[in-house]
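Me: I have a structure open and would like to learn how to read it. Could you take me through some features?

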Amino acid sequence: MKMFKTSLLAAMASVSAFGLGAATPAVSQDNQAGTPSIPIDVWALRDVVNAVDLSPDGKHLLVHKMVSKEGEYLLEIYKTDDLSEPYRRLNADPMEIISARWVSDSVIYGNTWQISRERVRGPEDDTRNYATYFYDLDDNKFQQVEGSFGIVNDLPNEPNKVLVSEASAVGEGLGVDPFEAFRPRSYYKLDLRRGTKELILRGTRKYGNVTFDNEGNPRYAVGQEPDNTVQTYYRKPGDGSWTQFGPVYDADEHENLYRFLTNVYGLKGFSAENPNIGYIVEARNGSDTASLWEFNFDTGQYGEELVAVKNADIMGIGTHSIPGNDKLAYATYPGAKWERVWFDGEEKALYDALEQQIPYAHQINISSRSYDGRTLVVTNRGPHDPGSYWLVRDGQLAKLGSRNPLIDQEQLADVEFIRYPSRDGKMIPGYVTKPKGEGPFPLIVLPHGGPHVSEVIGYDEWGQLLANAGYMVLQPGYRMTVGWGKEHFDAAYGQHGLAMQDDKDDGAMYLVEQGVVDPDRIAMFGWSYGGYAALVAASREPNIYQCTIAGAAVADPAKSYRGRSGPGTPKAIDDWAKRRGMIGINPIEEVQKVNIPLLMVHPEDDSRVLYYHFEDYKKAFEGAGKTGEFLTLEDADHFYTTLMYNHQQQFYTKMLDFLANDCGPGGL
């Protein structure tokens, strides 16, 4: 494909396609803390355009979009040679379409949901029912498959079939629930014409997590033995049995938790030239961080180390963007953004050119491309872009839409990647979102949930909202954050509310020492585990914070642990779960020590951190004679995708009011 020109398609030179023009609210350059220059109604929107995907033949675009602030998602299909109006507009009434993608030239695949119960019935339950659908453009027909299934492989050589497995519908982050680390999955071949499923492989604990190649052959598996050892296996195409290779790891030893509770290690893909050469991410030869290796399935041996980086794990790979071209293009690792180490000069040149042309380019990704390479859908997301979609066709570039077209991108804040010292001498990665104007600023420490997940800040809505209201925001990669090596993770063992908490405080004090933060104007806000950290912060002595905001907080981890462990649970996972609050700090047992104002917010139908955490903590808090503020988000669940416009409007309004007026003497 020749490099595209700088001119835009004339029909879309000044507005986004699909009727989603970027209206710009009136704004001011500098604002006092507490008052956002972009209205809360704009921040509260669900993603206006959630997905844009190109059919492999390049003839059609699907757009998953919201048409009103309190409406539901629908699908629009456009012909790429006429974007003036949709060719088809589809919904799944009474269910709502929550995902969509092309799996062939004429078939779209995705998931739907519908609220069907008043309350969750237990951990990881839901008030919604889910279904998998596929839609045939030629027949203009939907078919439904009961349950929620995720695509494992598109099976490019079988255009009417895809490989799927049972999937969690809304869960965020692999391994957040430690008791799910070795849950077996079954794999099916789904016929897109008939709507039937054929069982390909029934998962067992011994071969629990399986990777397939593009032919649908199971090639790599990780599983748990009855004695709680964990082994890795491989197959060559046509083999009927597995061959074990590599070290055997003991799941009863906590030193192996980084392997079991994260998605860092494992097979990431296959060589396009030789299907018996795989690409495996692994930490070998005593290395703390994971690197990318060749693995020879013929010999069962590792080959060349392809790439390693300092102070970070290689987390994955990308292949060439043209469908069917599986040439290794790059490896990714965390840094100021998701950084790439390139192997394919042609792909790198294309990405470099896109970065030159797309405004506020940060995390560029070619999300779909036609077989002939002439038509592409490109996404960008970063500090000054909530998420935009672009079409490259016949050498020209045009903007298609945005996740939030009402946000004035110039009013968004810069984000800086830093490393700062902890009190015990470790270097902690972090991201600082900088409000406009001159410091020193009030600071919000915003720890991520999980806590054993990766976090790389590009565009973060909460961070940008707070920065737009005049607050500096620190999002620390405290110990246990994934992607910064095994030692960084292991240093958090048994340290919930202790050294993990120190990392957050140390980041705040580092910014004070740099002269950019007012030491008398610091607060913490977090969600899920981050909410737990906010509750812990409320009772620390001495306390550097003026107030805390605890969202969907794990307030009583000891209670949430009860009943989760069983006879087959590895000792390391059982002990690790206990150390999330049974050993360490349990906030509900610390209510007498709370010494700063507290705002607690919780979704009524939270399926990850059940609502009793909020109710029990509130009762204990008020029983201790403490005064706080408590907000329930009715009918909301734990996850971002379940927070509707009304939830976010209510939450954001309350949060900013609390910070401005009730956070310490005179507000933050």
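This is a predicted model: local features need pLDDT of at least 70, side-chain atom pairs count only at pLDDT 80 or more; totals for chains, interfaces and linings use all residues.

Me: Where is Asn285 found?

Reply: Asn285 is in the loop between β19 (277-282) and β20 (291-296). Its backbone deserves a look as well. Most residues other than glycine have a negative phi. Phi of Asn285, however, is near 55°, a positive value in a residue other than glycine.

Me: Is Asn228, with phi near 70°, buried or exposed?

Reply: Asn228 is buried, with a relative accessible area of 12%; the cut-off for buried is under 20%. Asn228 is not a glycine, and its phi is positive. The residue belongs to the loop between β15 (218-224) and β16 (229-234).

Me: How many helices and strands does the protein have?

Reply: The secondary structure comes to 11 helices and 36 strands. The radius of gyration is 25 Å, close to the 26 Å that the globule rule gives for 668 residues, so the protein is as compact as a globular protein of that length. Taken along the principal axes, the C-alpha atoms fill a box of roughly 65 × 65 × 50 Å.

Me: What percentage of the residues count as buried?

Reply: Of the 668 residues, 58% count as buried. Contacts can be read by their separation in sequence. Among contacts between residues at least 6 apart in sequence, 59% join residues at least 24 apart.

Me: How do I describe a pair of packed helices?

Reply: Two packed helices are described by the angle between their axes and the distance between the axes. Take helix α4 (residues 461-468) and helix α11 (residues 645-661): their axes come within 12 Å and cross at roughly 45°. That makes α4 oblique to α11. The crossing of α4 and α11 is right-handed.

Me: Which residues make the contact of α4 and α11?

Reply: On the α4 side they are Glu461, Trp462, Leu465 and Leu466. On the α11 side they are Gln648, Phe651, Tyr652, Met655, Leu656 and Leu659. Sorted by type, the residues of this contact divide into eight nonpolar, one polar and one charged.

Me: At what angle do α6 and α7 cross?

Reply: The axes of helix α6 (residues 499-513) and helix α7 (residues 529-538) cross at roughly 80° and come within 11 Å. α6 and α7 are therefore roughly perpendicular to each other. In the contact, Met500, Gln501 and Lys504 of α6 meet Tyr529, Ala533, Val536 and Ala537 of α7. These residues divide into five nonpolar, one polar and one charged.

Me: Why is helix α9 described as largely enclosed by the rest of the structure?

Reply: Six of the eight residues of helix α9 (residues 571-578) are buried, so the helix is largely enclosed by the rest of the structure. The buried ones are Ala572, Ile573, Asp574, Asp575, Trp576 and Ala577. What covers them includes α2 (257-261) and α8 (557-561).

Me: Which residues is Asn214 in contact with, leaving aside its neighbours within four places in sequence?

Reply: The contacts of Asn214 are Asn153, Leu155, Pro156 and Asp326. Asn214 lies in the loop between β14 (209-212) and β15, and at 28% relative accessibility it counts as partly exposed. Asn214 and Asp606 are 392 residues apart in sequence and 37 Å apart in space, C-alpha to C-alpha.

Note on methods
Residues are numbered from 1 along each chain as its sequence is written. Side-chain values use heavy atoms; hydrogens and water are left out. Axes are lines fitted to C-alpha atoms, for helices over the stretch in contact, and angles run from 0 to 180 degrees between N-to-C directions. Helices (H or I, at least four residues) and strands (E, at least two) are DSSP runs, numbered from the N terminus. Angles under 35 degrees count as roughly parallel, over 145 as roughly antiparallel, 65 to 115 as roughly perpendicular and the rest as oblique. A crossing is left-handed if the near helix is turned anticlockwise from the far one by less than a right angle, and right-handed if clockwise. Contact means heavy atoms within 4.5 Å. Ala, Val, Leu, Ile, Met, Phe, Trp, Tyr, Cys and Pro count as nonpolar, Asp, Glu, Lys and Arg as charged, and the others, Gly among them, as polar. The radius of gyration is taken over C-alpha atoms; the globule rule is 2.2 Å times the number of residues to the power 0.38. Buried means under 20% relative accessible area, exposed over 50%, partly exposed in between (1.4 Å probe, protein chains only).
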